[in-house]
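Open the model in your viewer and keep the selection panel at hand. The stops below say what to pick and what is there.

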Number of protein chains: 2
Amino acid sequence: MAHKEFRTLIPVDEAHRLLKQIPINHSTKSLPLEEALGYTLAEHVVSSIDVPSFDKSIMDGYAVRADDTYQAGETNPLTLCFTGSIDAGFVGDFYLNKGEAMSIATGAPIPYGADAVVKVEDTKRANSKVSVYRPVHTGENIMSRGSDIMRGEQVLCRNTRIGSREIGVLSAIGKRYIDVDTIKVGIISTGNELTTPGNPLDKGMIYDTNSYALSASVKECGATPVMYGIVEDEEKAMFNAINRAVQECNLVLTSGSTSAGAGDIMYKVIEEKGRTLFHGINIKPGKPVVAGMINGVPTIGLPGNPTSALTIFNEFIAPLIHNSQDTFDSTKDELTVTAVLGTGINSQGRQQLLPVGMVRGKVYPADKGSGAITTLADADGFIEISAETEYIESGTSVNVTLFGNVDEPDLLFAGGYCPGIEILEELSGLKFRVLNNGSSGGFSSVSTGFSDIAGINMPDDSGNYNISMIEKMKLSDVVLVKGYKREQGLIVRQNSDISGIDDILDKRLINRNRGTGTRSLLDLNLKQFADKMGMSFNNLKESLAGYNSGAKTHLAVCNAVKEGFADVGFGLRTMAENSGLKFISICEEEFDFLVQKEAMDLTEIKTLISCISSKSFADNLPSGISVYERTGEIIEF
Amino acid sequence: MAHKEFRTLIPVDEAHRLLKQIPINHSTKSLPLEEALGYTLAEHVVSSIDVPSFDKSIMDGYAVRADDTYQAGETNPLTLCFTGSIDAGFVGDFYLNKGEAMSIATGAPIPYGADAVVKVEDTKRANSKVSVYRPVHTGENIMSRGSDIMRGEQVLCRNTRIGSREIGVLSAIGKRYIDVDTIKVGIISTGNELTTPGNPLDKGMIYDTNSYALSASVKECGATPVMYGIVEDEEKAMFNAINRAVQECNLVLTSGSTSAGAGDIMYKVIEEKGRTLFHGINIKPGKPVVAGMINGVPTIGLPGNPTSALTIFNEFIAPLIHNSQDTFDSTKDELTVTAVLGTGINSQGRQQLLPVGMVRGKVYPADKGSGAITTLADADGFIEISAETEYIESGTSVNVTLFGNVDEPDLLFAGGYCPGIEILEELSGLKFRVLNNGSSGGFSSVSTGFSDIAGINMPDDSGNYNISMIEKMKLSDVVLVKGYKREQGLIVRQNSDISGIDDILDKRLINRNRGTGTRSLLDLNLKQFADKMGMSFNNLKESLAGYNSGAKTHLAVCNAVKEGFADVGFGLRTMAENSGLKFISICEEEFDFLVQKEAMDLTEIKTLISCISSKSFADNLPSGISVYERTGEIIEF
């Protein structure tokens, strides 16, 4: 055999140990006040002004000389001469003589000569005379210049996290720009196949995902991402980009292209321009990771697969950033939670960081492999599985390292897709995570405890729905909640000459994926058609162009027909009409909800079931979907 | 008496009830991908591309026709003809014929005609021949077009919080701009005395604080502030600003100027252009609050005092914004914490929301009154005190509503200011909140349990330091940790003709504030000088210009001398030299640390004490401060 690799991968603990020894420097950047929220002050902030910057009245009333008022009393008011009014925001000079009073507003500057303010409640004014009913002492109701903050006084310490209050203090002393402390993290995506989102996508190209996902992760750690974009998979280009990044940043992350030699290019650049710490961590997906120091700046090459890149970032890099920051949002600290496996995991002794999803504290594996982007959407974090572990039982407690803050759904909804489920989500106020794995997937997801509930529309060979399938599969510990009827049929363009199944033999079909009830229902109809034509079902399938296609959603079927990739699809009236396509009705089917028996006690499931039976649900269903007498019926097995 | 107000203030509960009934609409805004982190998706996101957009190799190896490999085996390899290489990022067309193999990289597009990839480990190449040692089946090691995400497939649901993973998914399908859901909150500051930070400050003017502090608070709630700046305190101007804001925002907040009629102007605008909900809440500082609806948009006038505005915002407005958002960062949800009072509070039956600070879960009052900006710096939140409460005992458990996320310090450090404390903070790695309330403040802060520790430098009448004062004050339950010596003296400009206390009588003094050890030490020296001159101390004080001044910090003293507001100050050599001023040494004093006896068990205090005795502390002290044989000595009382 050829192409064997003999590189030594280092253990996980050793990678942590080596990375922890790396010093990460900090940078200072100047930000306008309104953008500084959440950052950390880079220096002690000293006020360059007095606050208040003038002797200020803290009451509405009259500015006076305290000496003039000593004789005043409730029964024997003292009379002063009214000489004018001073409002807040008055800019100019006033002078107050003995025996005079000036009306003054809260926040207004005290006139020269005055040294106290009598509250308005303790006075009465008639034309040019002000009666004072209570004496005031020197300084009473005056906030003197600099008494709150004196020029030269330190108002905030370095390393203080800037919250709304600090923003308030900084604005009060007139600061427009603030020096904040941050860790600048340079982010470089490598790969000739990468295109920036928003640009057109040539065949053979994919959109750059890591630049954006890693930047967001860096922000979630409270550091500052600096994006260097996409760099060609070539040593000179890589070196130039990394060279610039290590001069401008405190930490540099590259994420590898998926091309053959990419890991080696990154390794070469570090080896030639700096010092290598390690090359490869002995855990899936750590094998391509390379770490080193260039110009005193830690430089780390991550895998190209986005879920792997985020996993390695969260396991090895995020803790470094957190540790290097004296102050950071403590609410972000708890990025590891303990939770219980909702299903067994067959790990077959493969040491790995396995992407997992979480629903109500229960954990299920979410890895679809091969760099699937949908893994990113479904994985809330990852768990570490050791090389000694062959199988982890459902119910085992595991530590989950989260990908940032998790917005946990109320229910994990598997099975067949239906627009009715979106309406249920809207009406119930619940948040679903939907795994469209078809009706077959729904049966196994619920029976293995993987999901709480699944939508199913699976006919048996005689066209009976769901119940007979549950019996045939001998499922126990499940409950069927009868749902509603859906109208299924052919979906064609408006100008199509297809008017029924008889017309589709010489057309291009877009079929649904295997395991969906809709595909099974089409098969049932195609079998009848084959019988009618006197041909075998297998022959019919072989002669039908596109029979082997497998669109994962009804919407994808509609799009394929609409855009001419196919001439005919099979699916829901609702979706056809929403897409502006012609619908040829073939039959009605029963769409039901399969629920784990023990999940029936969950408030979320109870809410959902009462929603299914509600009038508002019935009223909100689109054409092609309708409730009937069995809707909401509960059948135990 | 005149000017009595007869307005009916509504109870707190009623204000909550009325505000909760207000519908707050949401807005949609389009953001570039890199700015969307933390927002909520405003719509279901459907992919407009297939992912991958081409049949893609998931291995490094050889693209082949599966049919060609069926006979391959480990011992009898099958030979194919090598016809070229395809790298990731290759854009163009290749065709593979029967009997051919093309080298292909992970991520590269499968050539037409090929339907499988043999892993490189299962091959050996010699020139134009490729030996295959293992058969592959159709589709093996190929990720087919759209199998991850199909064009038209929904990839993310409306209302999903956008984290790093979602950013990854959105970039993978090429989205450049994202519609996010948000609540736009218009923010208007009113008051003729307001100036925008960064501009020069005329006498009588203050910087606008509320625009920035409220914007930051709105951001902390996950909503979007829209700043309308400063509006003149005049009905027409206010109406125009509010009218524009209610058209562009979902909620409008004004914060009142402090001028007499401001609350009434806001009230009038709401009354005339909309519907008033209430005017005044019966709790300090809720009296000026006015709420109503204009154009269906809730419009609320807050107090002008920044701490009051933030208090009312957090008590009444933040919950409305949180409740109105389906999804928001759950870590921000816990804005109320339970904590224990570290000191008794004399509330005298005044119903109020009292600003408080927090240190290690202990709560102490932080209100300095009269709109002090320093309250903002020290208050972490507020507690509600009912009208029935006269006094709350130390140790009582209270609910604190936080001003956003709190960055709790390790120690509350009261007493005299010293640059040595900053060095201790730096070396110990601890985070202090420093209340510079002078040595006198330090004695009372520690003895009442208000603070853990205080810096003190208080001479008695014979010039003995600290210990005699503790004995005189009969303090128990305290411990004195001996600190270091500080050199105190006169601070003058370099060109000054002052060379000792004898020269200051006809000069302008900048004195420290009452209660500081430094002021007491100057008094001691002035008394000796008065004795020498044969005059009374009182006469000396009266004849010394500026004796009654009260700079709160050493730095403020230095600045006053430097800028010519005063000719001489009294303070530390360290500070004088740092400010480039001339220092005339008068005496050395003992700066010690007073600690609560029960705080001695705290890890933080232990760390601090060992830091005081450490060599690195001694080495890092600036000139004018020095350790001596008693440094670190612990004296119990």
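How many residue pairs are in polar contact across the interface of chain B and chain A? The rule finds 24, with both residues of each pair at pLDDT 80 or more. Keep in mind that this is a predicted model.

**Stop 1: the interface**

Select chain B and chain A together. They bury about 9100 Å² between them. Of that area, 59% is on carbon and sulfur atoms. Now show the contact residues. Chain B gives 114 residues to the contact, and chain A gives 115.

Six of them cross the interface of chain B and chain A. For one example, pick A:R158 and B:E426. Their side chains meet in a salt bridge, at 2.6 Å from N to O.

Next, colour the side of chain B that touches chain A by element. Several helices and strands of chain B each supply at least two residues here, among them β9 (123-126), β12 (154-156), α3 (210-220), α8 (419-428) and α13 (554-562). Which element gives the most? Select α2(B): with seven residues, α2(B) contributes the most to this side.

**Stop 2**

Superpose chain B on chain A. A rotation of 180 degrees does it, with 0.0 Å of shift along the axis and an RMSD of 0.2 Å. The two copies are therefore related as by a two-fold rotation axis. The same surface serves both copies, since 100% of the contact residues of chain B recur in chain A.

**Stop 3: the domains of chain A**

- Domain 1 covers 12-25 + 183-330.
- Domain 2 covers 34-50 + 149-181.
- Domain 3 covers 56-143.
- Domain 4 covers 336-408.
- Domain 5 covers 412-636.

Now set a distance between the C-alpha centres of domain 1 and domain 3 of chain A. They lie 68 Å apart.

**Stop 4: a salt bridge within a helix**

Stay on chain A and select A:E248 and A:R244. Their side chains meet in a salt bridge, 3.4 Å from N to O. Why are they separated by about one helical turn? Because A:E248 and A:R244 are four residues apart in helix α5 (residues 235-248) of chain A. Side chains of opposite charge can pair when their charged atoms come close.

**Stop 5: backbone exceptions**

Most residues other than glycine have a negative phi, and most peptide bonds are trans. Look at some departures.

Select A:V51 and A:P52. The peptide bond from A:V51 to A:P52 is cis, with omega near -10 degrees. A:P52 sits in the loop between β3 (45-46) and β4 (56-57) of chain A.

Bring chain B back and select B:V51 and B:P52. A cis peptide bond joins them, with omega about -10 degrees. B:P52 is in the loop between β3 (45-46) and β4 (56-57) of chain B.

Finish at B:N127. Is its phi positive or negative? Phi of B:N127 is positive, near 50 degrees, in a residue other than glycine. B:N127 is in the loop between β9 and β10 (129-132) of chain B.

Technical notes: Residues numbered from 1 in each chain as written. Chains lettered and ligands numbered in written order. Predicted model: local features only at pLDDT ≥ 70, side-chain atom pairs only at ≥ 80, totals over all residues. Heavy atoms only, no water. Domains from an automatic or database assignment. Least-squares fit on C-alpha atoms with pLDDT ≥ 70 in both. Contact = heavy atoms within 4.5 Å. Buried area = accessible area lost by both parts, 1.4 Å probe. Salt bridge = Lys/Arg side-chain N within 4 Å of Asp/Glu carboxyl O. Polar contact = N/O pair within 3.5 Å; in protein donor to acceptor, adjacent residues only side chain to side chain.
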